Amino acid sequence: AVSADTSAPRISTRSTVCALAASVVAMAAGGSQELIQQLMQAEKDADALIATAKKNRLAKLKLANDKAQADLKAFREDQEAKFQREMGAKSTADPFAEMSGATQDQIADVGRDYEKYGDRTVAYVVGKVLDVPTSLSDTQKQALRAGAA
């Protein structure tokens, strides 16, 4: 939003012109009507200038506001279109199909590993099962004696 700066002190042109007029009138001491008319015309011109400046300021503010609104509308439309494109792609995508393909690849890898290492694995496990020592260590014998005593 565009805001006007109203905090700056304003010098009243009308009061300045009036003060000047009063001093000129005092100096003329009942003098020239022409000077008074000049001062009155200067005051009217100053009022017209101020009114024109206010109108121009308001027109610029309105133009800036309209431009900002147009930019905002274009940005919103762009972001909405981007969102719809992204959501459209995600809504048509089938994550189960993608996951299914990856799962099938992993199952195939496991099958290949089984074919490649299956015989060696079975031989290793059987060797460890059959290679059980039948004697007790000194520590095991001492534990048994302590438990029996």
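1. Val122 is an exposed residue, with a relative accessible area of 53%, where exposed means over 50%, buried under 20% and partly exposed in between, using a 1.4 Å probe and protein chains only. Val122 lies in helix H3, and together with Tyr124, Val125, Val126, Val129 and Leu130 it makes a nonpolar surface patch of about 620 Å². Such patches consist of residues with over 30% relative accessible area and no salt bridge, with nonpolar side chains (Val, Leu, Ile, Met, Phe, Trp, Tyr) joined within 5 Å and like charges within 9 Å.

2. A word on the basis of these remarks: this is a predicted model, in which local features need pLDDT of at least 70 and side-chain atom pairs count only at pLDDT 80 or more, while totals for chains, interfaces and linings use all residues. Residues are numbered from 1 along each chain as its sequence is written, and side-chain values use heavy atoms, with hydrogens and water left out.

3. The chain averages a pLDDT of 82, and 79% of the residues score at least 70; pLDDT is the predictor's confidence in each residue, from 0 to 100. Confidence is lowest in helix H1 (residues 13-28), at a mean of 64, and highest in H2, at 92. Where pLDDT is low, the predicted coordinates should not be read in detail.

4. The secondary structure comes to four helices and zero strands, giving the pattern α-α-α-α along the sequence. Helices (H or I, at least four residues) and strands (E, at least two) are DSSP runs, numbered from the N terminus.

5. How far apart are the end C-alpha atoms of H2? They are 88 Å apart, which agrees with the 88 Å that its 60 residues should span at 1.5 Å a residue, the expected span being 1.5 Å times one less than the number of residues. The buried residues of H2 are Leu39, Glu43 and Ala46.

6. Helix H3 (residues 95-130) bends by about 60 degrees at Tyr117, the bend being the angle between axes fitted to the seven residues ending there and the seven starting there. H3 is also hardly covered, since the count of buried residues among its 36 residues is one.

7. A search of the whole structure finds three salt bridges, each defined as a side-chain nitrogen of Lys or Arg within 4 Å of a carboxyl oxygen of Asp or Glu. In one of them Lys62 pairs with Asp66, the closest N and O atoms being 3.2 Å apart, and these residues, four apart in helix H2 (residues 33-92), are separated by about one helical turn. Lys62 is exposed, at 53% relative accessible area, whereas Asp66 is partly exposed at 39%.

8. Asp71 and Lys67 form another salt bridge, with the closest N and O atoms 3.2 Å apart, and they too are four residues apart in helix H2, about one helical turn. Asp71 counts as partly exposed, at 41% relative accessibility.

9. In helix H3, Asp109 and Arg112 lie three residues apart, about one turn of the helix, and their side chains meet in a salt bridge at 2.0 Å, N to O. Asp109 is partly exposed, with a relative accessible area of 37%, while Arg112 is exposed at 51%.

10. For the chain as a whole, 4% of the 149 residues count as buried. The chain exposes about 13200 Å², and carbon and sulfur atoms supply 60% of that area; accessible areas come from the Shrake-Rupley method with a 1.4 Å probe, and for residues only the protein chains shown count as cover.
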